[in-house]
Amino acid sequence: MLPQNILRTCHVLVLVLCVSAIEDFDWTKNDHGSFYYGVFPTGFSWGAGGSAYQTEGAWNVDGKGMSIWDAFAHKKGKIFLNDTGDFSCEGYHKVKDDISLMKDMNLNHYRFSISWPRILPTGIKNENINEKGIKYYDDLINKLLENKITPIVTLYHWDLPQILEEKYGGWQNTSMVNLFNDFANLCFERFGNRVKHWITFNNPWSMAVEGYETGEHAPGLKLRGVGAYKTAHHIIKAHAKVWHTYDTQWRSKQKGLVGISLSGDWGEPVDITNQRDIEAAERYVQFYMGWFATPLFNGDYPQVMKDYIGRKSAQQGLGASRLPVFTAQEKSYIKGTCDFLGIGHFTTRYITQKNYPSGRGNSYFTDRDLAELVDPRWPDPGSEWLYSVPWGFRRLLNFVKTQYGNPMIYVTENGVSEKMMCTDLCDDWRMQYFKDYINEMLKAIKDGVNIKAYTAWSLLDKFEWDEGYSERFGLYYVDFRDKNKPRYPKASVHYYKSIISSNGFPNQRELESWKRKAIETCSSSNQLLAADPLISHMGMVTEIVVPTMCTLCILLSAVFLMFLLRRRF
């Protein structure tokens, strides 16, 4: 069996080699534009982020219960190189050190998540509240505020208590709605006097699709065609219940906001003059971000999802759609439960129409009737799914403005990885990525999009889910082989700090100066790392391995192309 990463590479090759529109969003305006010099509005908030399982470590310390990610990562073969988040960045023990890094960067806010099993080991509020876990988050919040850094707190970043998965079936069970509400209510009670920005769920698309459809993520279930939709249905209802709990019990006293963080790649029609491609591109966005955003803003799933999944369900001989249905009461209860919309965005795809016969089986992916393509000219420095396509960010932000009535937006995740073993801290590609994507966000604000904050993803290199430690998103390099997990600043730290200090992009000369100084700074950090003989050896190994892998990719591409041509002729 081919390794998972090679299979994914072949999948991307396939996409490269093969191939109800919204009336008030103009898909034909395909001008990617030039760089825009200017500054952000006064009071714009700059930050960075991370999450509990990815950074805290201390997986079984001070009374913490096991999460689904603890259980999943401990199973051999689930994570690249069988890595786990058991220790990760040891953030649980390095709060003071990490806040000093944030302060040095002049961050306005820091986004982190609360581990449900760290404060409720059994997942149930009336069984056991772990006061040591409460104290950890108390200390983190207090130290952030002492340093004038605003905490933005995510209640759920994928680490469900394992016991709830075993006892109830996790998010497949509607019991999670009330259990999650109890957990959230405890967080409001204990931390809400200081926390004014709450995010219920981070990227529920990944929770549903990768956790319950493909099984790539915890809890690793492959309930194709039904699991993701059922999970999402419960997540949406849980979000709404938590919003109402805050609204009725806490808002008047605490004066805070409750939102959700949705991930969304932009989908661009392959042919902007072809109506089928335009509709396919819209369908891509609606099946991704619209799946969750449309119920929260409009009260129900996107019509295109109901139509496509309903029709395919009928063709498969099912008596009802595989997409669950909200009652009239639920639609009213869910609608309008978003004080702000968090957006996590990383990349873009070209989209074209592709019909999948219903006889091929149930699948979220085949329900959409589309194909995703990438432009081989797009830079792809790290994760195989992450191509740098800055102009897609502006288009997604404008789409949200048009589709949902220009809600208040917090950009909750945006960044780029590197996937290599060498330790060069002069991350040129990341500086370029931040420059281009943040500039597209500035253009969107100029377009009238109501964006209030930007969160660079991420503060630290960390555990990257099924990819383990093989991908690095951090502004700070973390040496995971050292038990003390030391942090080293990459060039992008200085560059992002310069953007924050100037609140944007004042002029070309300033930007050139930032980059020059950033490279000078990272060069000295590289010298520190080079003093470690193991690291310098890894750098030499990389120089040998990377060309070999590139050669392998070229050979695979050639073989695959020959296979396609032979089948065609």
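Let's start in a loop: S458 sits between strand β12 (451-456) and strand β13. Strands here are DSSP runs of E with at least two residues, helices are runs of H or I with at least four, and both are numbered from the N terminus. What kind of peptide bond joins W457 and S458? The bond is cis, with omega at about 10 degrees.

Before we go on, keep in mind that this is a predicted model: local features need pLDDT of at least 70, side-chain atom pairs count only at pLDDT 80 or more, and totals for chains, interfaces and linings use all residues. Residues are numbered from 1 along each chain as its sequence is written, and side-chain values use heavy atoms, with hydrogens and water left out.

A cis peptide bond also joins A218 and P219, where omega is about 5 degrees. P219 lies in the loop between α9 (204-212) and α10.

Follow the chain into helix α10 (residues 227-249), and you reach T231. T231 counts as buried because its relative accessibility is 0%. (Buried means under 20% relative accessible area, exposed means over 50%, and partly exposed is in between, using a 1.4 Å probe and protein chains only.) A polar atom of the T231 side chain lies 2.9 Å from the backbone oxygen of G227. Leaving out residues up to four places away in sequence, T231 touches W171, Q172, A208 and Y212. Contact, by the way, means heavy atoms within 4.5 Å.

Now step back to the loop between β5 (197-202) and α9, where N203 has its place. N203 is buried, since its relative accessible area is 9%. Not counting residues up to four places away in sequence, N203 touches W158, S261 and S263.

Next, look at helix α4 (residues 95-104), where V95, D98, I99, L101 and M102 are buried. Why do these residues end up on the same side of α4? They cover an arc of only 150 degrees around the axis, so they share a side of α4. The arc is that of the directions from the helix axis to the C-beta atoms.

After α4 comes N106, with a positive phi near 65 degrees. N82, in the loop between α3 and α4, also has a positive phi, about 60 degrees, although N82 is not a glycine. N82 is partly exposed, because its relative accessible area is 35%. For N503, phi is near 55 degrees, a positive value in a residue other than glycine. You'll find N503 in the loop between α18 (491-502) and β15 (504-505). Is N503 buried or exposed? N503 is buried, with a relative accessible area of 18%.

Let's turn to residues that meet partners from elsewhere in the sequence. I114 sits in the loop between β3 and α5 (116-119), and it is buried at 0% relative accessible area. I114 and T154 are 40 residues apart in sequence, but their C-alpha atoms are 6.4 Å apart in space. Setting aside neighbours within four places in sequence, the contacts of I114 include A52, Y137, T154, F183 and W198.

A71, found in helix α3 (residues 68-73), counts as buried at 15% relative accessibility. A71 and P161 are 90 residues apart in sequence and 9.8 Å apart in space, C-alpha to C-alpha. Beyond residues up to four places away in sequence, A71 touches M66 and Q162.

Finally, here is a pair of helices. Two packed helices are described by the angle between their axes and the distance between the axes. The axes of α12 (residues 275-298) and α16 (residues 391-404) come within 11 Å and cross at roughly 35 degrees. Such axes are lines fitted to C-alpha atoms, for helices over the stretch in contact, and angles run from 0 to 180 degrees between N-to-C directions. From α12, the contact is made by V285, Q286, M289, G290, A293, T294 and F297, and from α16 by L396, F399, V400, Q403 and Y404.

Notes
Polar contact = N/O pair within 3.5 Å; in protein donor to acceptor, adjacent residues only side chain to side chain.
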